[in-house]
Amino acid sequence: QVHKFSEKAERAAAQSRETLALLDNKGVFKGGNGDVQVYGSQALMSKKDNVLASWLKSVKGTVHEPTLFGNDTATPARYSELFDALVSTLASTADPPNDAELISYCTRLMPRDAKHCTDNMMRHTVQAMLLFEEAASNVLQQVMDETQAGEFKMELEASISRVLLRAEDCIKRARKRANFSAEGAAGLYMTLADARAHFGEARETLLESLDNVRQMIPKACSFQGADDIEAVKKMITASEELEQMAERIRCLSSASSSTGVNIDRATRESKKHDTRLALVSLLRQKHDELSDRWVAAISQRISGYRAGGSSTSSTPTATVSSDINKRLVAAMIERLRPGGDSASLVYSAQKLVEMRFQTMKIESVQAATKLFEDVAMEIYHEVAEKGPYSKDLLPLVHADDADVRSMLTEVVFLANKLIISEFNIRLARDQDPRLPSSLLCREGTRMDGGAVASRTSELLMGAEIAGQYRLDRYIMAGGFGHGWGAMDLQTGKEVFVKTFKSKEEFPPGADSVVAKMVEELEIAERIAKVQHLMNHKNVVAVLKVPRNALVKVPATGQQGACFHGIVTEYCDGGELFNYIVIPKESGGLQGCAFNEPQARFLFRQIVALLMALHYPPEGEPAYYHGDIKDQNFVVAGSTLKLIDYGTLSKVCDNVGPAKHMTRSHQQPFHTNCESVDLWAAGIILLDMLLVSTVGQMFKVSMGQNRGVTMLKAGKFWPTITTKLMQADTGNCLLKKGEDSAQNLLSKIFVMEPRNSLCVREIAEHPWLKGPVPTEEEMQAELKRRFKGILSGTPSGTAFFDLGRASEKDGQVIMQRVIDLACAASKGEFVKAGPGAKPGTMAIHRWDRPSMDSDTGVTRMHAEDGAQWVVAKYTCNVEKTSFDIIKGREVVRIRLFWETGSEHEDFCRLSGLLLDEVMKLRLT
């Protein structure tokens, strides 16, 4: 009964807050249809199935420890109930929000015996709950794109953060009640006292609401006589007001269910912007006081908090008050700033975890961070009510408490999210991110390193990662891993996934690569939170860094929570290197250099990126890449995007002279971070202008860098001029003057550091202000080069495992699936008869409809349709020596992309073949 009283009293307090929130302090009803939260809650409810499916997949792929939600058939129902409770809380306009449904849900969720709810279980329950944010944001983004309501995005994300913070509090309060019960009579007495306090809050809140309603009720006026027409008119108006008020009171409970969003957006956003600026100004002025009061609050309210230092320290305040806490305060204030970046907050969370990891209790640190909001609100109320009011603080006098708290909640939620992320990063530091080779073998089989290396692209095809990403297309291998084109199953968009190689793919004794892999993962996780870089158009955005994620490999039937990798946005153009220096014998266009406007178009983007790295927004750290080169830029349309974050670091963290990672880009003249990156960018520009005639000037041969040697000997520019006069007299590098490309490069390739220009000065160089092609013209040029590269190189291979079929049966199956796949393509792909080699079958990609409108000739029977063929593929059946099925060799169909077409065509054809193979195998 005490438990029931506790829950009901909390619910009453929450519902009472909502009732009061629908009335302002003047007694005028607020319009429920004017709240962005209502729009968000309606949008989420309309897409409930989508959100739940995405959320459950993320939980299944990310959280592998027991949670309060369970791991049985009832789990989806529990998440569905939690979804309803979260959306109900999102629709609330109260401050704190009306969390009545969350209170009931968390009470039901908590086991009767508190011993069954461990700290570890609570942590993973909260982790699973927080994954709602990503699933909800993805669905809301789709809804807002459809309804053109994108201006609500930031406000809705902040509201979702507020709700999840409230949900975390609810589940911890429910656990606290369960623990009180376990303590016997004393615990129940404390629960009872807590419940009485909630009851009192509900009663006082409702009385205040009734007072507001009473103020609204019009009074009767007195009559001077039967002919007092004015009094009668007044009473008519008062009667109408009473009727409207009665209707509004009846609608109070459903006010939040109205549709539409009728908000004066400009006025509201302007007011919130001014409030945010004033709040940041206030907290900056009160920085030291805020830090001290936060420390005192932590010491008084969170007895289990340990802030670092010696484990034997007996002075909590001393351990709490530290430079890292002050740095965290400054970082949260910076994040509050309009357009404020998260980099400082990421750095502060990182340092906090590093310093206190050994003695750290993550729940206590999170609770301590939440107290920042309460202390900041206290300071805000003191200034808003009592002054003094400087000009920059005046907006706080008229600010809404709910707006101020929402801003603080948003930054506290982000801070706690970052602390959890850093804590998990630190926990994973001792784990080996290499892919276990056991995933690549069917049960009861083994294979050697050579077999793993040769078949990774085949065996991992179709693997599902973290319940969210499916590996659809193998792209290439790198030093530490493999690159894949993958499908985001939640959004339907194509992404790039980097998977790390297995131990067997490295030579014996190469365990040192593990530390480098771990470092790359950590850098990717942190850089993903630096908004000014992730939002930069010349940076490939990191979307997710799965750690210990569930991976399912359909080719082998294996699965395990052991996947580590990096997910980024996908760019379909390949590396810039391929457009510049790939040799002709490999299908490249070495004989076709970029002209001056084209090179300028691309180099402007590289300079813009260096500006973002080395001259970030105020208060954010500068970054040094250390491996700028054409292989680390990919092409998306006409845009260059930087990849590979393994070498990225803060400039302030670099100790000693900076050095480029690639030998051909190293030089002895410059040792500061900015000059090293700029020198490497200069090499890219030089290659774009020279590689077709002079070749690569900065090339290592016999241990010597040709370009550096020539610079030292004073022969660098004379050599370039002589060769251009012989081979390319129209090259722009022969031009002289302040606005020439040679002048720009000569100020990058200088041997005396004091004479070199910085990135900011290079960005203002006259040459960069010259004419450039339009985006459409540049995109057409890059596409022309891309097709030329593809047409001369093997562009793709796919394998389809036929299991226990014989080679002869495999030939029959191949013929059948080709016929079915071509038929399913409705004439897009055509079976072209036997290939050039025995046992092969050719397939052609046509660029005309299946029935030619002019001649009425169908593709299948066209004799003179060779001009319509834009791509050629071959299929054959082969037997491998790899023992994937115990005791037998494997027979498989091999699809090979010979010439022409594009990636999308190859993917469609391989997808059609796979569908038919799967149908045959299932039957």
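A contact is taken here as a pair of residues with heavy atoms within 4.5 Å. By this criterion, among contacts in the protein chain of the predicted model between residues at least 6 apart in sequence, 72% join residues at least 24 apart. The chain comprises 923 residues, of which 51% count as buried. Its secondary structure consists of 30 helices and 19 strands.

The structure holds eight cavities of 30 Å³ or more, and the largest cavity has a volume of about 140 Å³. Thirteen residues line this largest cavity, and R123, V126, Q127, Q366 and I420 are the closest to its centre. Two or more lining residues are contributed by each of helix 6 (119-130), helix 8 (153-182), helix 16 (362-386) and helix 17 (401-427). Helix 6 supplies the largest share of the lining, namely five residues.

Helix 19 spans residues 513-527 and has 15 residues. The distance from its first C-alpha to its last is 21 Å, close to the 21 Å expected at 1.5 Å a residue. Twelve of the 15 residues of helix 19 are buried, so the helix is largely enclosed by the rest of the structure. The buried positions are V513, V514, M517, V518, E520, L521, E522, I523, A524, E525, R526 and I527.

Two individual positions illustrate contacts between separate parts of the sequence. T67 is located in the loop between helix 3 (48-62) and helix 4 (75-90). With a relative accessible area of 9%, T67 is buried, because this value falls under the 20% cut-off. When residues up to four places away in sequence are not counted, T67 touches M121, H124 and T125. The C-alpha atoms of T67 and T118 are 9.6 Å apart in space, although these residues are 51 residues apart in sequence. Q811 and E878 are 67 residues apart in sequence, with a C-alpha to C-alpha separation of 9.3 Å.

Most residues other than glycine have a negative phi. Against this background, A466 has a positive phi near 55°, and N548 has a positive phi near 50°. A466 is found in the loop between strand 1 (464-465) and strand 2 (469-477), whereas N548 occupies the loop between strand 5 (542-544) and strand 6 (549-553). A466 is buried, at a relative accessible area of 2%, while N548 is partly exposed, at 23%.

Finally, cysteine residues were considered. A search of the whole structure finds zero disulfides. C441 counts as buried at 6% relative accessibility, whereas C758 counts as partly exposed at 24%.

How values were computed. Residues numbered from 1 in each chain as written. Predicted model: local features only at pLDDT ≥ 70, side-chain atom pairs only at ≥ 80, totals over all residues. Heavy atoms only, no water. Helix = DSSP H or I, 4+ residues; strand = E, 2+ residues; numbered from the N terminus. Buried < 20%, exposed > 50% of the residue type's maximum accessible area, 1.4 Å probe, protein only. Expected span 1.5 Å × (residues − 1). Disulfide = S-S within 2.5 Å. 1 Å grid on protein atoms, 1.4 Å probe; cavity = no way out; pocket = protein on both sides within 12 Å on 5 of 7 lines; lining within 4 Å. Points joined across faces, edges and corners; volume = space filled by probe spheres on them.
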